[in-house]
Amino acid sequence: MALADRYGVTLEELRAAEDRSFGVETASAASTVRGTPTTLAEKITQLLEHLPADDRPSDAAIAAAVCAKAGSADLVRPSQIRDLRTGAKPVEDLLAQVPEQLLYEGLGEVFGVPPHTFQTDEEVVQQIMETVRFLANNRENGVDLHLRGEGLSTGMLAALNDLVEQVRAEEQSKSTGRRPSGPARPPSGSA
């Protein structure tokens, strides 16, 4: 157990790494070894595995970085980071207490990667599509905005898109004398 503690991993993780070093592939390690990690636990594990052992941040260091990013000293505890890293508890349990974007930004700072690295593929695709829609709306309406994709959440992009569509509808109604019929699509987040 002392070796696992020294590396900041669980005994299970240490044994899985040992198995991998001898060519034994475990079910949980298969997706990380074969390709792109898909879960948050796999992503954190892969990033940790690519750091030299002496440079791997502890769960406490990761928690401190997330807290620093959020400006709150007690937002997340090392035990919660361990649970995220090992997949011991569902991500949703932590995200109920910690804003998702702050968690991703803190993790991104620790590992030196963009925050979207930790998002699911669906979240990344949704953000890209909202950005494309936003840019298309700007081009169609002659809006001159200097947009930085970084820092705008998918929800914010959707809200901006809805606002642009609402303004466009109001402008069209002024020119035709008809009342606007509302946004071209329901606001994001509504069913």
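These legends accompany close-up views of a predicted model.

**View 1. Helices H4 and H6 cross at roughly 95 degrees.** Let's start where two helices meet. H4 covers residues 40–49 and H6 covers residues 78–86, and their axes come within 6 Å of each other. Angles from 65 to 115 degrees count as roughly perpendicular, so the label for H4 and H6 is roughly perpendicular. On the H4 side, the contact is made by Leu40, Ala41, Ile44, Thr45 and Leu48. H6 contributes Leu84, Arg85 and Thr86. Sorted by class, the contact of H4 with H6 has 5 nonpolar, 2 polar and 1 charged residues.

**View 2. Helix H5 runs from residue 59 to residue 70.** Here is a helix to follow from end to end. H5 has 12 residues, and from its first C-alpha to its last it reaches 17 Å. That span is close to the 16 Å expected at 1.5 Å a residue. Just after H5 comes Gly71, whose phi is positive, at about 75 degrees.

**View 3. The buried residues of H5 pack against H6 and H8.** Now for the buried side chains and their neighbours. Asp59, Ile62, Ala63, Ala65, Val66 and Cys67 are the buried residues of H5. Their packing partners are H6 and helix H8, which spans residues 100–111.

**View 4. The rings of Tyr104 and Phe118 are stacked.** Next come the aromatic residues, where the count is 2 pairs. In one of them, the ring centres of Tyr104 and Phe118 are 6.4 Å apart, and the planes lie at 25 degrees, so the pair is stacked. Tyr104 belongs to helix H8, while Phe118 sits in the loop between H8 and helix H9 (121–141), so this pair ties together parts that are 14 residues apart in sequence. Which side of the 20% cut-off for burial do the two residues fall on? Tyr104 is buried, with a relative accessible area of 4%, and Phe118 is buried too, at 2%.

**View 5. Phe111 and Phe118 form a tilted aromatic pair.** Phe111 has a relative accessibility of 12% and so counts as buried. Together, the ring pairs link Tyr104, Phe111 and Phe118 into a cluster.

Notes. Residues are numbered from 1 along each chain as its sequence is written. This is a predicted model: local features need pLDDT of at least 70, side-chain atom pairs count only at pLDDT 80 or more; totals for chains, interfaces and linings use all residues. Side-chain values use heavy atoms; hydrogens and water are left out. Axes are lines fitted to C-alpha atoms, for helices over the stretch in contact, and angles run from 0 to 180 degrees between N-to-C directions. Helices (H or I, at least four residues) and strands (E, at least two) are DSSP runs, numbered from the N terminus. Angles under 35 degrees count as roughly parallel, over 145 as roughly antiparallel, 65 to 115 as roughly perpendicular and the rest as oblique. Contact means heavy atoms within 4.5 Å. Ala, Val, Leu, Ile, Met, Phe, Trp, Tyr, Cys and Pro count as nonpolar, Asp, Glu, Lys and Arg as charged, and the others, Gly among them, as polar. The expected span of a helix is 1.5 Å times one less than its number of residues. Buried means under 20% relative accessible area, exposed over 50%, partly exposed in between (1.4 Å probe, protein chains only). Rings of Phe, Tyr and Trp (its six-membered ring) pair if their centres lie within 6.5 Å; planes under 30 degrees apart count as stacked, over 60 as edge-to-face and the rest as tilted.
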